[in-house]
Amino acid sequence: MRVGPLSATLLIISGLMASCGKAPLTIDPGVSLALAKHRAATISGINYELSLTIPEELDETIEGRVNITFELGDASQPLQLDFRESADRVRSVTANGDESDYRFIDEHLVVPATELVIGHNEVRIDFTAGSSSLNRNPEFLYTLFVPDRARTAFPLFDQPDLKATFDLELTIPAGWTAMANAPLDDVRESENGMLHRFVRSDLISSYLFSFVAGKFETVNRNVDGRQMTMLHRETDKEKLARNVDEIFSLHATALDWLEEYTGIDYPFDKFGFALIPDFQYGGMEHVGAIQYNASRLLLDEAPSDTRLLGRASLIAHETAHMWFGDLVTMKWFNDVWTKEVFANFMAAKIVNPQFPDINHDLNFLVRHYPGAYSVDRTAGANAIRQDLPNLNEAGQMYGAIIYNKAPIMMRKLEKLIGEGRFREGVREYLAAFSFGNATWPELIEILDGKSTEDLRAWSDTWVHTPGRDAVESQWDTSAEGEGGPFRYGLVPADIADLESPDEVVRAATLINLYENLLARTGPGAVEYLQELAGVVRREDNELVLERALTQLRTIYWTLLPQEARDEFAPVLEQVLWETMLRHEERSKRKILFEAFAAIALTPDGLARARDVWSGATSVDALSLGENDLIGIAQSLAVRLPDEAKTIVELQVARTENPDNLRKLDFIAPSLSADPAVRNEFFASLADEVNRSTESWVLEALANLHHPVRTAASERYILPSLELLREIQVTGDIFFPKRWLDATLGNYNSTSAAATVRGFLDERPDYNTQLRMKILQAADHLFRARSIVQSQRRTDPR
Ligand SMILES: [Zn+2]
């Protein structure tokens with residue numbers, strides 16, 4: 001419930017209500033904080049018996065029944081169940097055995113107070129499930145309910161602090177497999193397919209309830225006494241064989257480590273995971289049934305160190321969530337960052353010993369600082385902990401501040417307290433709140449008791465204040481026992497340190513020089529690009545090299561006027577090609593070739609990239625997998641419009657994976673040389689149905705807005721902004737920001753900047769969170785515009 005100005009009459013009424021203990025609870029869309037608090041105070045002991053019948057045909061509806069039992073402490077108010085669907089999807093409701101005189105108001109199914117009793121209650125609902133969070137594909141589906149999307153599928157109490165048990169029954173087509181939070185109890189034939197019944201789940205939050213069903217292969221393994229199940233759809237047998245042992249072993253290592261660190265055995269009934277093609281995120285930590293983006297776990301040949309480490313970190317991250325998030329859950333989604341920061345933090349501790357050859361301080365630096373700065377430097381920067389009046393805005397809590405800045409904060413917090421005492425505090429916290437919920441202040445209180453520092457004040461700056469300035473001005477962030485490279489803020493840097501013998505210093509210098517370039521307090525774009533070419537030539541550390549290549553690509557495409565880029569192209573092509581041939585390690589060869597293919601602009605450079613991609617030229621020790629080839633094909637098709645059609649056709653002909661073929665089919669119009677085809681494709685994205693596989697949409701947007709096409713594509717910016725609100729409602733949590741990044745990231749023109757400013761100026765009452773997301777995503781555009789303008793003014797060319 002939002003608190004607005006109250007009229008005198010309302011004050012009197014609410015005063016009267018309060019005096020007899022019957023404050024009226026309003027019915028609002030979403031799940032308001034007031035509703036959540038009221039329900040958490042009055043409802044307990046919840047169990048859902050949920051049955052769903054899933055037909056093979058995508059256009060047939062999923063019919064369901066849910067029998068909800070719970071204890072009620074106050075039966076004076078109507079009961080609000082969350083169901084974000086139309087009223088006609090509810091077929092019948094009974095409350096405590098009798099047909100209910102329910103109403104359907106603003107995404108809630110409301111059962112009258114007269115039908116409820118204090119104590120045990122039972123509400124049964126027959127309904128047609130909403131499909132928007134069921135991710136229905138031709139041969140499979142999977143639920144993804146974080147943060148508040150369970151209520152799009154079936155009626156329930158959708159808030160993290162009303163943990164419940166689930167008895168799930170799925171009727172699915174013969175030949176399909178299913179996985180859920182709890183072990184499978186039995187399978188038998190039924191009228192509409194095969195009935196899979198699962199045993200009662202552990203006590204879990206609604207956003208962690210999940211199932212996957214479809215045509216999957218099942219791999220069962222017992223690793224050191226742990227039974228684990230993996231579902232996948234990979235058709236490349238060799239690829240699978242190359243990866244499968246490592247995937248299981250990484251999970252086992254993570255589980256062992258977490259049991260040891262937390263002092264708590266794996267807390268749930270079973271452990272399994274499903275590899276989903278084109279999954280929206282890296283992974284999602286559903287209790288006992290983790291979902292992963294298949295391509296993040298099934299790596300192509302010769303993966304880079306970064307990829308290997310990325311996979312190990314992702315697995316450790318999701319596994320850590322079983323304790324941090326699933327066993328102890330935030331009370332409300334404003335503290336979603338606590339589970340994310342713990343998962344990241346533990347993942348680093350788990351993974352590091354497995355990669356003794358990697359410098360982990362360096363890895364932490366390159367994985368967190370650039371990402372944190374990318375938002376914290378902007379006018380739209382948010383604090384780590386934000387206000388959240390309604391769960392329907394919970395998706396907007398997520399972003400680089402949670403995933404990148406919060407880990408930096410946590411690392412400094414551990415340094416401040418000391419590793420041993422930090423671990424004691426974490427154990428105390430987990431033990432105190434197991435199978436329950438906790439807030440950040442509750443954790444800080446435990447940690448504060450273990451420290452002589454004033455952790456509350458420290459937390460106020462780091463956690464409650466947005467931007468780099470507050471931290472920089474109030475805390476000496478280099479003094480926390482980890483040295484200068486880990487200072488947080490806009491830190492001065494010296495170009496000479498790019499040649500430091502210490503690789504952490506070299507990486508920090510790259511990061512800080514780039515920040516100063518963007519702030520226009522450091523080197524100019526041309527000067528720095530020349531330095532980067534030197535770094536690429538001599539750098540031997542892959543993580544530093546990768547950071548340099550990322551910067552080089554961004555500067556080359558967005559921070560140079562076109563004439564400067566044309567001038568640089570032959571030089572950079574040569575540097576990247578020759579450096580690639582000089583390195584014998586496959587992973588370095590690959591990242592250098594990918595950078596070469598991404599920046600090639602001269603006819604020779606493009607022909608060379610195309611010939612390697614097509615196989616006409618072969619380069620020793622350079623192995624490109626199907627996903628790599630698809631990526632390269634797209635960026636080549638954009639820069640070789642005359643060959644675009646042939647390139648796409650060849651890529652389709654050589655693609656084996658059926659999910660990749662569907663993706664190519666979807667993306668193809670975004671690669672067309674004909675602007676009319678691209679316009680039509682862009683227009684089609686206004687329809688929610690065409691945005692259902694978000695990763696495809698983002699790849700297509702990257703093609704539409706490729707830097708060589710910005711003049712033709714700038715017209716898409718305004719309609720893309722106009723669509724943002726709808727995208728926030730219909731899309732998954734990362735989609736609004738990614739949609740904006742893909743839309744704005746390559747522009748540097750005055751007109752593009754004016755379009756964004758104008759959009760915001762004309763909408764003073766626009767949603768605050770979305771305004772911040774726009775300001776975050778447009779930051780690069782605003783800075784790029786002024787950097788490019790300044791070169792035009794000072795450069796006589
Ligand atoms: Zn996570």
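Colleague: Which protein atoms are the donors of the zinc ion?
Modeller: In this predicted model, the protein donors are His317 through NE2, His321 through NE2 and Glu340 through OE. They lie 2.0 to 2.1 Å from the zinc ion.

Colleague: What spacing do the donors follow along the chain?
Modeller: The spacing is H-x3-H-x18-E.

Colleague: And where do histidine 317 and histidine 321 lie?
Modeller: Both lie in helix H6, which covers residues 305-321. They are 4 residues apart, about one turn of the helix.

Colleague: Is histidine 317 buried or exposed?
Modeller: Histidine 317 counts as buried because its relative accessibility is 8%, and buried means under 20%. Histidine 321 is also buried, with a relative accessible area of 0%.

Colleague: Changing topic, how many residues has the largest nonpolar core?
Modeller: The largest nonpolar core has 261 residues. Those with the most contacts inside it are Ile125, Phe157, Phe273, Trp323, Phe333, Phe422 and Phe593.

Colleague: What is phenylalanine 593 in contact with, leaving aside its neighbours within four places in sequence?
Modeller: With those neighbours left aside, phenylalanine 593 is in contact with Trp577, Met580, Ala609, Val612, Leu622, Leu624 and Ile632.

Colleague: One more residue: where is asparagine 516?
Modeller: Asparagine 516 is in helix H14, residues 503-519.

Colleague: Why does asparagine 516 count as buried?
Modeller: Asparagine 516 counts as buried because its relative accessibility is 8%. Leaving aside neighbours within four places in sequence, asparagine 516 is in contact with Leu490, Val491, Pro492, Ala493, Thr521 and Gly522.

Definitions and conventions
Residues numbered from 1 in each chain as written. Predicted model: local features only at pLDDT ≥ 70, side-chain atom pairs only at ≥ 80, totals over all residues. Heavy atoms only, no water. Helix = DSSP H or I, 4+ residues; strand = E, 2+ residues; numbered from the N terminus. Buried < 20%, exposed > 50% of the residue type's maximum accessible area, 1.4 Å probe, protein only. Contact = heavy atoms within 4.5 Å. Donors = N, O, S within 2.8 Å, 3.2 Å for Na, K, Ca; no water. Core = buried A, V, L, I, M, F, W, Y, C linked by side-chain atoms within 4.5 Å.
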